[in-house]
Amino acid sequence: HQFCCSAEDRNIVQKQWSVLWGDTESSKVKIAFGRLILTKLAKEIPEVKELFNKVDIDNPEGGPFSAHCLRILNALDMSINLMDDPEALDSALDHLADQHHDRPGVKKAHFKKIAEILHTGLQQVLDDYNALSWKSCFKGILGKIASKLQG
Ligand code: HEM
């Protein structure tokens with residue numbers, strides 16, 4: 001159950017992540033952040049858009065897409081919070097890998113792009129964004145979720 005980022009990276013990432021969710025309306029912040037990164041992904045890789053037809057990406061402010069944005073951000077939140085428990089993290093990420101493997105058309109390249117988008121976004125909202133720690137933790141988390149996908 002070896003995880004790729006160091007204990008220090010994990011501490012930094014968990015601390016910086018927690019700064020974002022002090023607000024009482026953290027779900028709204030999560031939805032807005034999710035909407036931002038997913039619409040950016042669909043804009044930069046147009047083939048992605050139709051993969052989110054069932055959650056109605058054409059109405060990004062609507063209920064189905066907002067709920068989808070919250071699911072993604074909650075999964076990311078769970079993963080970051082589980083970084084101190086490698087066994088549970090591994091099993092959570094394995095489950096997410098299966099869920100994405102089951103969606104035809106989802107590719108490793110999409111995860112590479114969303115990693116870039118996340119880095120840019122977090123850099124904008126965190127004053128003391130530690131790029132190296134985030135890169136190394138996201139490499140582990142996103143790499144595992146994408147591990148069962150094709151290129
Ligand atoms: C930041 C990394 C990501 C996380 C944490 C994440 C998490 C999730 C979660 C929790 C679900 C719901 C699973 C379910 O209930 O079945 C989901 C669904 C989905 N994800 Fe991701 N995801 C991520 C990135 C991506 C990327 C890069 C793609 C590429 C297109 C993608 C495509 C999908 C699709 C197509 C669905 C199904 C949507 C539907 O319900 O119709 N995800 N994801």
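**View 1. Helix 2 and the elements that cover its buried residues.** The buried residues of helix 2 are covered by parts of the chain that include helix 3 (63–81) and helix 5 (108–125), where helices are DSSP runs of H or I with at least four residues, numbered from the N terminus. This is a predicted model, in which local features need pLDDT of at least 70 and side-chain atom pairs count only at pLDDT 80 or more, while totals for chains, interfaces and linings use all residues. Residues are numbered from 1 along each chain as its sequence is written, and side-chain values use heavy atoms, with hydrogens and water left out. Among the buried residues of helix 2 are I31, F33, I37, L38 and L41; buried means under 20% relative accessible area, exposed means over 50%, and partly exposed lies in between, with a 1.4 Å probe and protein chains only. Helix 2 (residues 26–44) has 19 residues and should span 27 Å at 1.5 Å a residue, which agrees with the 27 Å between its end C-alpha atoms; the expected span is 1.5 Å times one less than the number of residues.

**View 2. The largest nonpolar core.** This core has 43 residues, and those with the most contacts inside it include W17, I80, W134 and F138. Helix 1 (7–19), helix 2, helix 3, helix 4, helix 5 and helix 6 (131–145) each supply at least two residues of the core. A nonpolar core is a set of buried Ala, Val, Leu, Ile, Met, Phe, Trp, Tyr and Cys residues joined through side-chain atoms within 4.5 Å.

**View 3. H100 and the iron atom of the ligand.** H100, which lies in helix 4, is the only protein donor of the iron atom of the ligand, through NE2 at 2.1 Å; donors are N, O and S atoms within 2.8 Å of the metal (3.2 Å for Na, K and Ca), and water is not among the atoms, so sites may look incomplete. H100 counts as partly exposed because its relative accessible area is 24%. Leaving aside neighbours within four places in sequence, H100 is in contact with V106, F111, I145 and L149, contact meaning heavy atoms within 4.5 Å. An unreviewed UniProt entry lists H100 under "binding site", although such annotations may be inferred rather than shown by experiment.

View 4. H95 belongs to helix 4 (residues 86–101) and counts as partly exposed because its relative accessibility is 48%. Q99 is in helix 4 and is partly exposed, with a relative accessible area of 39%.
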